[in-house]
Protein chains: 2
Amino acid sequence: MPTMTFKATTRKLPTGLAVEGEARGFKVIMDEPPKLGGSDTGMTPVELMLVALGGCQVIVASAFASAQGVDLQDIWVELEGDLDPMGFTQGAPGVRMGFQEIRLTLHMKSDSPPEKLEALAEFIASRCPVEDNLVNHTRIVAQPIVIEPATPEPTVAESV
Amino acid sequence: MPTMTFKATTRKLPTGLAVEGEARGFKVIMDEPPKLGGSDTGMTPVELMLVALGGCQVIVASAFASAQGVDLQDIWVELEGDLDPMGFTQGAPGVRMGFQEIRLTLHMKSDSPPEKLEALAEFIASRCPVEDNLVNHTRIVAQPIVIEPATPEPTVAESV
C-alpha cells in the first residue's frame, strides 16, 4: 500500500470564533466556550485533538485485538489534558501553548487474562498514528499564504 | 485564569471500526475508509487531527487579527498530511506510524498589506495550542487500564 495523503479544510463561520472542519465530505463544528471568547457551538480544537487521539486508540484496538489474542467485547477511552490559557491568550513567557500533559485511561471489557490486556494496551500505544504525532516531533510546513481579494466596501450612492 | 483541564471520551460503536467521540456533550463519529478496513461513516482520526490543527489556526486568527492590526474578512485553511500505512498496519521497521509531514496553507481575505498578513500567519503558528502539541513533544501518560466485567456467554438452557 503506497503512502497516503489525507486532506482537510477548516473555514471560519460568519459569527464569532466558530469554524467548520471538513474532510471527504464529513464535517464538524469547532468553537470556544464563552470564557474563552466563543459561542460554545462545538468542541474546542484541543478537545477535538483529544478525541482524535482516543478514536485512534479505539480503532487500533478494534483492528488488532484478535491478532493479539484478545477477545475484546468493548473498549472506551477517557482522556484529559491540562492547558494553561496564559500561554495562547497572553503569550506568557515560559508557558507552552498546548497541553502540558495528556492522561489517557483505556477501559476494556474482556475476559482475556489481564496480562494479555496490558500487552494490548502497549501495542495500541506503539501503533497509534495520532499518539506518534503527538509524542514525537511532527514537521508542519507552512506554505506561502494565499491572499484572497477582499470584498469591496459598499458604495454609498446616496451620499452624492 | 488558572490551568484548565479539558476532557473527552471515545467509545467503540457496535459495528466495524466506528468510534464515537464526545466532549462536553458535543459528539463526532470516526471511522476508516473500506481500504483500511472500515465502513466510512466518519472522518479518520488522522483527518480529525488535521481538522483540529486547522480549526485552532482559524480561531487564533479570528481572536487576534484586530489586535495584530489586520482587517481579516475571512480565513480558511487547507491541510494535508502524508502517512505510510505500512507503519500502523504492519509495524514495518523504520516507518513512523503517524504523518511524516503536515502541509498547511492559510487563505486570508483582507485588504491589509501583505506584510501584515505574513506577520499574522507567523503569530498564528506561534500561538496555536494544537500546533505546539504536534511540533513539540507532548507527554501522554497512560493510566492503569480498567478491566470491565465481560458480558457472560448466554446460557443454552435448551441444550439440557
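## The hairpin of chain A

Strands β1 (residues 4-12) and β2 (residues 19-23) of chain A pair in the antiparallel sense. Their pairing runs over 4 bridges. One pair to look for is A:R11, which stands opposite A:E20 in β2(A). This is a predicted model.

The two strands form a hairpin with 6 residues between them. Within this hairpin, A:G16 takes a positive phi near 60 degrees.

## From β1 of chain A to chain B

β1(A) also has a partner in the other chain. It is joined to strand β4 (residues 72-83) of chain B by 8 bridges. The two strands run antiparallel. Which residue of β4(B) is the bridge partner of A:T5? It is B:D82.

So far, then, β1(A) pairs with β2(A) and with β4(B).

## The hairpin of chain B

In chain B, strand β1 (residues 4-12) is joined to strand β2 (residues 19-23) by 4 bridges. These strands run antiparallel. They form a hairpin, with 6 residues between them. In its turn, B:G16 has a positive phi of about 60 degrees.

Within chain B, B:T9 stands opposite B:E22 in β2(B).

## A parallel pairing between the chains

Another pairing links strand β6 (residues 140-142) of chain A to strand β5 (residues 101-110) of chain B. Here the sense is parallel, over 3 bridges. A:V141 has B:R103 as its bridge partner in β5(B).

## The interface as a whole

How many residues of chain A are in contact with chain B? The count is 97, and they meet 97 residues of chain B. Helix α1 (residues 45-64) of chain A gives the largest share of the chain A side, 16 residues. By class, that side has 53 nonpolar residues, 23 polar ones and 21 charged ones.

## Domains of chain A

Chain A is divided into two parts. Domain 1 covers 8-42, and domain 2 covers 44-138. Their C-alpha centres lie 23 Å apart.

Conventions
Residues numbered from 1 in each chain as written. Chains lettered and ligands numbered in written order. Predicted model: local features only at pLDDT ≥ 70, side-chain atom pairs only at ≥ 80, totals over all residues. Domains from an automatic or database assignment. Contact = placed C-beta atoms within 7 Å. Nonpolar A, V, L, I, M, F, W, Y, C, P; charged D, E, K, R; others polar. Pairing = 2+ DSSP bridges.
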